[in-house]
Amino acid sequence: MKADKKAVLTGAHFIDGDHAAGEGAIAAGCKFVAGYPITPSTEIIERIAARFPLVGGMFVQMEDEIASSIAIQGAVWAGKKAMTVTSGPGFSLMMEHIGFAAITETPCVFINVQRGGPSTGLPTLPAQADMMQARWGSHGDYEIIAIVPNSPQECFDLTIRAFNLAEEYRVPVLVMMDECVGHMTEKVVIPDPDEIDIVDRKFTKKPPGEYTLFNTNGEMVPEMVKAGDGYRIHLTGLTHDEKGYPAMSPKVQQTMLRRLVDKVLKNEDKIRDLEEDQIEDADVVVVSYGITSRVVLPAINKARKEGLKVGHIRLITVWPFPELYIRELAKKVEAFVVPELNLGQIVHEVERCAAGNAVTKLVPHAGGAVHAPEDIYDAIKGVLTNA
Amino acid sequence: MARTEIRVAGFGGQGVILSGYIFGKAASLFDEKFATLIQSFGPEARGSACSAQVIVSDELIDYPYIRKPDIMVAISQEAFSKYSYDLKPNGILITEENMVTVSGDIASMYDHYTVPATRIADQLGRRIVMNMVVVGCFTAVTGLLKKDAVMKAIEDSIPKGTEELNLKAFEKGYEHGLELIKQRKEQVEEKA
């Protein structure tokens, strides 16, 4: 499927990441957004609220983030593509319903424009400190997909991909922006609708009576139905069997949970999106994501000019973590340098996957600004001296 | 010129962010350059010091914050006091003549130009276009952006129906900027 011609603002724009993410959602075919405004994500729903009446979408400002995160799932089961948008404190309130989306396999998109925390923290300033919350914030075992853009252009492109992945894997997909990317204005090129690939929902062709809600028929994910089409379904957050009915036995739990986790983990290589730069001969590889992946570049270029063998991996999908990739790379390099706008989150994943084969060095930052490139340069120099 | 860092500072509501937005848009959409705009803003929406950070470059911009601005535009005293600390020595400083007082010893550290933007805007009948006078002066004095690119960016960024007034304000500011450059050249020649 291609994007709807009426919905796509083809052309070059000078807009910020928030507005670009809103346009990405519209281009992806999103027709329902529920949200509660919160800095620094508000501009996304402002954009949506202004544009939806022109493209046949519905925006509802809900009473809070808890309601927003479940209203979108109602819209999905009514047949629409839907998302909600928030930042730190609102993201915390949404955790329960990320779990609900995971267990009910409801394809939906959450955008979190990260700001400094915990609690109210730094409303207008950046952080990347919700990365582990994105992965583990709801209780129980489950898998999600998390994508991290580093420019307004990617806020557009990757929001489309988020909707597509949500439909393909029937998982909540989290777009983990940050205040800097969200509020930065830059050129964004919106392509022709014919050049935008859209993944449509797989609705069943089976008649009511023959259809069961969670029977995958040997596929990765089951087909869906929508309210009003005459199918009687039971959708629950309880552990359920293929018919969707509550069945609280260890056997059903094992079958259900295994599939929820495997459909993501076993396709990690297909979901994986990362950028490699100069890693062929690298002794040290900087692993970064989001805005930090731009901040590291002056440091890497300076080190390279001095003859230091430094490479760069930019994680575009952070969850599922590219475990196999990092494991293999760790055997070829001496060290990883991991700068992030938190006091140590994704570095733990890198260190786990390095499994002692390479040194792992965190360059922490408590948030409120981005790193000084000098701090990253010093860390690169430091690991090379000590290695 | 690989990378030029610009700070536009004033108080919220003066059109500071729009000015920065126009510079960035002119560079990245109507010229073949790259640009980023970051706005620093506090929880207050109006009336406090605010600043737009613009980077214009011939190459893709990695680090999007300004570190040592090459150019600063200040249109309120508070914003000048708050943000002028990091302007590069000998950097271009453009201030609103009646809104900002710059002491002689500070002015001598920079390539300093003043523009009576409020007065010019008042003469045109609407004080609201003061920022466009400043944008015009900036365009003439810095030579960083093509004049027609800036004019296209203005037309593309303002409410429909206000083009004539805004472009007139831009033109007045531009003329003032050219005059300043001419005076500066004459001074240099006199010294020589």
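Reader: In which hand does α6(B) cross α7(B)?

Author: This is a predicted model. In the model, α6(B) passes α7(B) in a right-handed crossing.

Reader: At what angle do the axes of α6(B) and α7(B) cross?

Author: The axes of helix α6(B), residues 147-155, and helix α7(B), residues 163-191, cross at roughly 150° and come within 10 Å. Because of that angle, α6(B) is roughly antiparallel to α7(B).

Reader: Which residues in α6(B) and α7(B) meet?

Author: From α6(B) there are K147(B), M151(B), I154(B) and E155(B). They meet E163(B), N166(B), L167(B), F170(B) and Y174(B) in α7(B).

Reader: And what is the contact of α6(B) with α7(B) by class?

Author: The contact has 5 nonpolar residues, together with 3 charged and 1 polar.

Reader: Turning to the two chains, how many residues of chain A are in contact with chain B?

Author: On the chain A side there are 16 residues, and they are in contact with 16 residues of chain B.

Reader: What residue classes are on the side of chain A that touches chain B?

Author: By class, this side of chain A has 10 nonpolar residues, 3 charged residues and 3 polar residues.

Reader: Now the domains. What does the domain assignment of chain A give?

Author: The assignment gives domain 1 as residues 5-195 of chain A and domain 2 as residues 276-386. Their C-alpha centres lie 27 Å apart.

Reader: How many residues does the contact take from domain 1 of chain A and from domain 2 of chain A?

Author: Domain 1 of chain A supplies 22 residues to the contact, and domain 2 of chain A supplies 21.

Reader: Which elements supply at least two residues of the side of domain 1 that touches domain 2?

Author: In chain A, the strands β6, β7 (145-147) and β8 (172-178) each do, as do the helices α6 (131-136) and α8. The most comes from α6(A), with 4 residues. By class, this side of domain 1 has 16 nonpolar, 3 polar and 3 charged residues.

Reader: Let us look at single residues. Is W319(A) buried or exposed?

Author: W319(A) counts as buried because 25 C-beta neighbours lie inside 10 Å. Its place is in strand β13, residues 317-319 of chain A.

Reader: What does W319(A) touch, not counting residues up to four places away in sequence?

Author: W319(A) touches A134(A), R135(A), I144(A), I145(A) and A146(A).

Reader: What joins W319(A) and P320(A)?

Author: A cis peptide bond joins them, with omega about -5°. P320(A) is in the loop between β13 and α12 (323-330) of chain A.

Reader: What is the peptide bond from T39(A) to P40(A), cis or trans?

Author: That bond is cis, with omega near 5°. P40(A) is placed in the loop between β2 (30-35) and α2 (42-55) of chain A. Most peptide bonds are trans.

Reader: Moving to phi, what is the value for N217(A)?

Author: Phi of N217(A) is near 50°, which is positive in a residue other than glycine. N217(A) is in the loop between β9 and α9 (250-265) of chain A. N217(A) is exposed, since 9 other C-beta atoms lie within 10 Å.

Reader: And what is the phi of Q278(A)?

Author: Q278(A) is not a glycine, and its phi is positive at about 55°. The residue lies in the loop between β10 (274-277) and β11 (284-289) of chain A. With 14 C-beta neighbours inside 10 Å, Q278(A) counts as partly exposed.

Reader: Last one: where is G140(A) found?

Author: G140(A) is found in the loop between α6 and β7 of chain A. G140(A) counts as exposed, with 11 C-beta neighbours inside 10 Å. The C-alpha atoms of G140(A) and L257(A) are separated by 9.7 Å, while the two residues are 117 residues apart along the chain.

Note on methods:
Residues numbered from 1 in each chain as written. Chains lettered and ligands numbered in written order. Predicted model: local features only at pLDDT ≥ 70, side-chain atom pairs only at ≥ 80, totals over all residues. Contact = placed C-beta atoms within 7 Å. Nonpolar A, V, L, I, M, F, W, Y, C, P; charged D, E, K, R; others polar. Axes fitted to C-alpha atoms, helices over the stretch in contact; angles between N-to-C directions. Parallel < 35°, antiparallel > 145°, perpendicular 65-115°, else oblique. Left-handed = near helix turned anticlockwise from the far one by under 90°. Domains from an automatic or database assignment. Buried ≥ 20, exposed ≤ 12 C-beta atoms within 10 Å, placed from the backbone.
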